[in-house]
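Hello,

Here is the structure we talked about handing over. My notes on it follow below.

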Amino acid sequence: MTFSKTLLCTVAVLGLLISSTSSALADKKPKGAKKTDPQTIAQLYSGKTSNWNSGGHAYWGPGGEYKGINKKGTAVGIGKWFVTTKGRLCNETIWYWPEDRQTKSEPYEECWEFVTAPDGTIWERYMPDKTEWYRHKPEKQVKGDAAKSKFNKIAKSLGL
């Protein structure tokens, strides 16, 4: 498998882990759940860093800026994020990594779908794979660009 395919697989796995809980807590769409309001989704992420269980990070800038770091700390993603009217959080990113003494890159897009249960609990699932629903975990996020220095160091090493 080439590094870019490995990177894309890594990014997809990281996406699954953004607010993941154990598979025992993954479930079907909650009964009576409705599409989450796009403004609510934006408020959940805007200006925050998601810390993935695998060690990667994603910063969701308040102006739509997206910056990601893969779990190995060898690649960065630079792009934009947005929320759709269909209750989806998406990012369109170009990922950069070192390969054969060069900086390689590849575009990548991913989305998560959100619903709100009648009790107000927000649930999400990773869209490309349509994984099972899991509860949104705000404790996996911190305010601000918490991985900024790490991102800048990797980006600099890649000549970005």
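N53 sits in the loop between β2 (48-51) and β3. Helices (H or I, at least four residues) and strands (E, at least two) are DSSP runs, numbered from the N terminus. N53 counts as partly exposed, at 42% relative accessibility. The scale is this: buried is under 20% relative accessible area, exposed is over 50%, and partly exposed is in between (1.4 Å probe, protein chains only). K140 is 87 residues away from N53 along the chain, yet the two C-alpha atoms are separated by 8.4 Å.

Two notes on handling. This is a predicted model: local features need pLDDT of at least 70, side-chain atom pairs count only at pLDDT 80 or more, and totals for chains, interfaces and linings use all residues. Residues are numbered from 1 along each chain as its sequence is written, and side-chain values use heavy atoms, with hydrogens and water left out.

Now the overall layout. The protein chain has 3 helices and 10 strands. Their order from the N terminus is α-β-α-β-β-β-β-β-β-β-β-β-α. The protein chain has 160 residues, and 44% of them count as buried. Take the contacts (heavy atoms within 4.5 Å). Among those in the protein chain with a separation of 6 or more, 53% come from residues 24 or more positions apart. The accessible surface of the protein chain is about 8,500 Å², and carbon and sulfur atoms hold 52% of that. Areas come from the Shrake-Rupley method with a 1.4 Å probe; for residues, only the protein chains shown count as cover.

Next, the disulfide. The structure holds 1, where the term means a pair of cysteine sulfur atoms within 2.5 Å. C90 is joined to C111, with S to S at 2.0 Å. The link of C90 and C111 is right-handed, with 110° about the S-S bond. C90 lies in strand β6 (residues 88-99) and C111 in strand β7 (residues 102-116), so the pair ties together parts that are 21 residues apart in sequence. Both ends are covered: C90 is buried at 3% relative accessibility, and C111 is buried with a relative accessible area of 12%.

T36 is in the loop between β1 (34-35) and α2 (38-45). T36 counts as buried, at 1% relative accessibility. Neighbours within four places in sequence aside, T36 contacts I41, G87, F114, V115, T116 and I122. T121 is in the loop between β7 and β8 (122-126). Not counting residues up to four places away in sequence, T121 touches V115, T116 and R135.

Last, the cavity. On a 1 Å grid over the protein atoms alone, a cavity is a set of points where a 1.4 Å probe fits but cannot get out; lining residues have an atom within 4 Å of a point. Searching the whole structure gives 1 cavity of 30 Å³ or more. The largest cavity holds about 40 Å³ of space, volume being the space filled by probe spheres set on the points, which are joined across faces, edges and corners. Its lining includes T49, H57, Y59, K67, D145 and F151. β3 (57-60) and β4 (65-69) each supply at least two residues of that lining.

Best wishes

Technical notes
1 Å grid on protein atoms, 1.4 Å probe; cavity = no way out; pocket = protein on both sides within 12 Å on 5 of 7 lines; lining within 4 Å.
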